[in-house]
Amino acid sequence: MTTLFTAEHEWITTDTPATVGITVHAQDALGDVVFVDLPAVGATFNQGEVAGVVESVKAAADLYMPVTGEVVEVNEALRADPSLANSDPLNTGWFFKVRVADASQLTKLLDATAYDEFVKNS
């Protein structure tokens, strides 16, 4: 399994189903997360569409779908305790799992090295 990243600061794993969350950089920028609006299980989204919202004490930010697919599970623990997005964004703070419709879209995402460079240069 590999973790890939978007320019909008989401991460996605390459396992099946793929797991999606926000990056450490995103949660740092947002500050303390106080609410998450997760998509419904069974909902389908195209790559780049808004699939949810993350609200913090500072701002609200859209959560974009990294690839086209169907949501097959949401993280109910995150809904109950949104601070997981801050304390463990790459593990227990995941947002949802998706059945990827077009695996070729994964090749257009950033690997960890490219994402780190992107963040440094933004």
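In this predicted model, the side chains of glutamate 117 and lysine 120 meet in a salt bridge, with 3.9 Å from N to O.

**Salt bridges**

- Side chains of opposite charge can pair when their charged atoms come close.
- Glutamate 117 and lysine 120 both belong to helix H4 (residues 112–120), where they sit three residues apart, about one turn of the helix.
- Arginine 79 forms a salt bridge with glutamate 76, and their closest N and O atoms are 2.9 Å apart.
- Because arginine 79 and glutamate 76 are three residues apart in helix H2 (residues 76–80), about one helical turn separates them.
- Arginine 79 has a relative accessibility of 38%, so it counts as partly exposed; glutamate 76, at 45%, also counts as partly exposed.
- Glutamate 70 forms a salt bridge with arginine 99, with 2.8 Å between the closest N and O atoms.
- Glutamate 70 lies in strand E8 and arginine 99 in strand E9, so this pair ties together parts that are 29 residues apart in sequence.
- At 29% relative accessibility, glutamate 70 counts as partly exposed, and arginine 99 counts as partly exposed at 48%.

- Strand E1 (residues 3–5) and E2 run antiparallel and are joined by three bridges.
- Leucine 4 has isoleucine 12 in E2 as its bridge partner.
- E1 and E2 form a hairpin with four residues between them, and histidine 9 in the turn has a positive phi of about 75°.
- E2 and E3 also run antiparallel, joined by three bridges, and a hairpin of four residues links the two strands.
- Glutamate 10 stands opposite isoleucine 22 in E3.
- In a regular strand the side chains alternate between the two faces of the sheet.
- Which residues cover the two faces of strand E2 (residues 10–13)? Glu10 and Ile12 lie on one side, Trp11 and Thr13 on the other, and all of them are buried.

**The open sheet**

- Three strands form an open sheet in the order E4-E6-E7, with antiparallel pairing.
- Strand E4 (33–37) and E7 stand at the edges with a single partner strand each, so one side of each has no neighbour in the sheet.
- Neighbouring strands of this sheet are turned by 25° against each other on average, with direction ignored.
- E4 pairs with strand E6 (residues 50–56) in the antiparallel sense over four bridges, and phenylalanine 35 stands opposite glutamate 55 in E6.

**The nonpolar core**

- The largest nonpolar core has 26 residues, and those with the most contacts inside it are Ile12, Ile22, Phe95 and Phe96.
- Strand E3 (18–22), helix H1 (24–30), E4, E6, E8, helix H3 (84–87) and strand E9 (96–100) each supply at least two residues of this core.
- Which element gives the largest share of this core? It comes from E3, with three residues.
- Leaving aside residues up to four places away in sequence, phenylalanine 95 touches a list of residues that includes Val20, Ile22, Val36, Leu63, Val74 and Ala85.

**A look at threonine 68**

- Threonine 68 is found in the loop between strand E7 (60–64) and strand E8 (69–74).
- Is threonine 68 buried or exposed? Threonine 68 is buried, because its relative accessible area of 19% falls under the 20% cut-off.
- Not counting residues up to four places away in sequence, threonine 68 touches several residues, among them Phe45, Gln47, Arg99 and Asp102.
- The side chain of threonine 68 reaches the backbone nitrogen of glutamine 47 at 2.9 Å.
- Threonine 68 and aspartate 102 are 34 residues apart along the chain, and 6.5 Å separates their C-alpha atoms.

Conventions:
Residues are numbered from 1 along each chain as its sequence is written. This is a predicted model: local features need pLDDT of at least 70, side-chain atom pairs count only at pLDDT 80 or more; totals for chains, interfaces and linings use all residues. Side-chain values use heavy atoms; hydrogens and water are left out. Buried means under 20% relative accessible area, exposed over 50%, partly exposed in between (1.4 Å probe, protein chains only). Contact means heavy atoms within 4.5 Å. A polar contact is a pair of N or O atoms within 3.5 Å; within protein, one must be able to donate a hydrogen and the other to accept it, and residues adjacent in sequence count only if both atoms are side-chain atoms. Two strands pair if DSSP finds at least two bridges between them. Axes are lines fitted to C-alpha atoms, for helices over the stretch in contact, and angles run from 0 to 180 degrees between N-to-C directions. A nonpolar core is a set of buried Ala, Val, Leu, Ile, Met, Phe, Trp, Tyr and Cys residues joined through side-chain atoms within 4.5 Å. A salt bridge is a side-chain nitrogen of Lys or Arg within 4 Å of a carboxyl oxygen of Asp or Glu.
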